[in-house]
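Reader: I have a model open and want to learn how to read it. Can we go through it feature by feature?
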2 protein chains.
Amino acid sequence: MSQPGGPVLKLRLATAGGEWIGPGKADLLQHIAETGSIAAAGRRMGMSYKRAWGLVETLNAMFAGPLVVASRGGAGRGGAELTDDGAEILRLYRVMQDKAEVALEEEVLAIARRVVEPKRK
Amino acid sequence: MSQPGGPVLKLRLATAGGEWIGPGKADLLQHIAETGSIAAAGRRMGMSYKRAWGLVETLNAMFAGPLVVASRGGAGRGGAELTDDGAEILRLYRVMQDKAEVALEEEVLAIARRVVEPKRK
DNA sequence: TCCCGTTATTTCTGTGCGAACATAACGAAA
DNA sequence: TTTCGTTATGTTCGCACAGAAATAACGGGA
């Protein structure tokens, strides 16, 4: 458990097409996997359905195959889930996060030592 | 030499204060160190002086001490340079980049394999 | 047949951010 | 004193982007 106030390392993988996947889209994928719904995942993250849907559209366009498939209709049914590719991309991103946190710990701490801390009460 | 079109990994270190340092500010620091001028560094990066100056202001506010000191006046003289802290932060960021590239190579390649390539002629 | 929660899409609005422009202080050199 | 390139700061404008709201299609269940 690192101290809550410290700097946070964020990874972004930018493609030649000008798109990218970062913490936001990764979290969205995870919430879709957990809730089975684009709308519910968006609510969890405090974003509008339209924004969540747009991010999913971007993700699906970035990769050779869709990461999320959705189906309409049905009270209780109708929803979205990750494809195998989607689950794998999410998994790889989390692995990258974990590895980076370990490999770069020394430098992150060295920078953190010099960062001014936001006002302490 | 990785293939030119492949995804690029970008690191962003976000502080509790809502600020962050990423590829843009790191490059700006480097150009200031090389040119000795905020204005010249901004021109190199295709941004207005005001924007470059604003980024420098943000950087200086983020850390306990300024990363860039500037002096006015003088045709030929008058300019900016990195402080020891500034040089060290830049150095640490480049080390992070290098380490991340090595440590995450496997996952980056795995994701790259699934990324759709922008249209091929 | 009706209801409901979902996906999907359009339209409108505002607002935040950057670009562009303008201005001023500065200080060394000519 | 003038010139020149820099730092420093304010103002205005335009536009891309986000949010909100409305609408529609869908399909399972009651």
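Reader: At roughly what angle do the axes of helix α1 and helix α3 of chain B cross?

Author: First, a caution: this is a predicted model. Helix α1 of chain B covers residues 23–35, and helix α3 of chain B covers residues 49–62. Their axes cross at roughly 105° and come within 11 Å. An angle of 65 to 115 degrees counts as roughly perpendicular. Therefore α1(B) and α3(B) are roughly perpendicular to each other.

Reader: Which residues of α1(B) and α3(B) meet?

Author: From α1(B) come K25(B), L28(B), L29(B) and I32(B). Facing them in α3(B) are A52(B), L55(B), V56(B), T58(B) and L59(B). Sorted by class, this contact holds seven nonpolar residues, one polar and one charged.

Reader: Now the sheet. In what order do the four strands lie?

Author: The general idea comes first. Strands of a sheet pair through backbone hydrogen bonds, either parallel or antiparallel. Here the order is β2(A)-β1(A)-β1(B)-β2(B), in an open sheet with antiparallel pairing.

Reader: Why is one side of β2 in chain A, and of β2 in chain B, left without a neighbour in the sheet?

Author: Each is an edge strand. β2 (20–21) of chain A and β2 (20–21) of chain B each have a single partner strand, so one side of each has no neighbour in the sheet.

Reader: How many bridges pair β1(A) with β1(B)?

Author: Seven, in the antiparallel sense.

Reader: What lies over the face of W20(A)?

Author: K25(A) does, at 4.7 Å from the ring centre. Chain B has a lysine over a tryptophan too: K25(B) lies over the face of W20(B), at 4.6 Å from the ring centre. K25(B) is also one of the α1(B) residues that meet α3(B).

Reader: How many aromatic pairs are there over all chains?

Author: The count comes to zero.

Conventions
Residues numbered from 1 in each chain as written. Chains lettered and ligands numbered in written order. Predicted model: local features only at pLDDT ≥ 70, side-chain atom pairs only at ≥ 80, totals over all residues. Heavy atoms only, no water. Axes fitted to C-alpha atoms, helices over the stretch in contact; angles between N-to-C directions. Helix = DSSP H or I, 4+ residues; strand = E, 2+ residues; numbered from the N terminus. Parallel < 35°, antiparallel > 145°, perpendicular 65-115°, else oblique. Contact = heavy atoms within 4.5 Å. Nonpolar A, V, L, I, M, F, W, Y, C, P; charged D, E, K, R; others polar. Pairing = 2+ DSSP bridges. Phe/Tyr/Trp six-rings, centres within 6.5 Å; stacked < 30°, edge-to-face > 60°. Lys NZ or Arg CZ within 6 Å of the ring centre and 35° of its normal.
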